[in-house]
Amino acid sequence: MIKSLLAKLFKDTCPACGEALISSRNSIGWTKTCPQNHYKEESYGVLGVYIVTKGSPRH
Ligand SMILES: [Zn+2]
């Protein structure tokens, strides 16, 4: 289902430690960060930019 695909793409928990991500919005977009800095998502809708930063990649 499309809905479950979206849920996978936009996780609200850190893939490394499973902690809930801290999300914050600002005037141009939003960021979601792991409280322990494993993972970070940034989206700037106005600029069409989406960035995912993983501190310690796992496969
Ligand atoms: Zn984490």
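## The loop between β2 and β3

Asparagine 37 is found in the loop between strands β2 and β3, where helices (H or I, at least four residues) and strands (E, at least two) are DSSP runs numbered from the N terminus. This is a predicted model, in which local features need pLDDT of at least 70, side-chain atom pairs count only at pLDDT 80 or more, and totals for chains, interfaces and linings use all residues. Residues are numbered from 1 along each chain as its sequence is written. The phi angle of asparagine 37 is near 65°, a positive value in a residue other than glycine.

Glutamine 36 lies in the loop between β2 and β3, the latter spanning 39-44. Glutamine 36 counts as exposed because it has 11 C-beta neighbours inside 10 Å. Leaving aside neighbours within four places in sequence, glutamine 36 is in contact with Cys17 and Glu19; contact requires that the C-beta atoms of two residues, placed from the backbone, lie within 7 Å. Between glutamine 36 and glycine 55, which are 19 residues apart in sequence, the C-alpha to C-alpha separation is 9.6 Å.

## The β1-β2 hairpin

Strand β1 (residues 22-25) pairs with strand β2 (residues 30-33) in the antiparallel sense, over four bridges. Two strands pair if DSSP finds at least two bridges between them. β1 and β2 form a hairpin, with four residues between them. The bridge partner of arginine 25 in β2 is tryptophan 30.

## Tryptophan 30

Tryptophan 30 is found in strand β2. Tryptophan 30 is partly exposed because 13 other C-beta atoms lie within 10 Å. Not counting residues up to four places away in sequence, tryptophan 30 touches Ser23, Ser24, Arg25 and Ser43. Tryptophan 30 and glutamate 41 are 11 residues apart in sequence, and their C-alpha atoms are 8.2 Å apart in space.

## The chain as a whole

Of the 59 residues in the protein chain, 8% are buried. Among contacts between residues at least 6 apart in sequence, 9% join residues at least 24 apart.

Methods. Buried ≥ 20, exposed ≤ 12 C-beta atoms within 10 Å, placed from the backbone.
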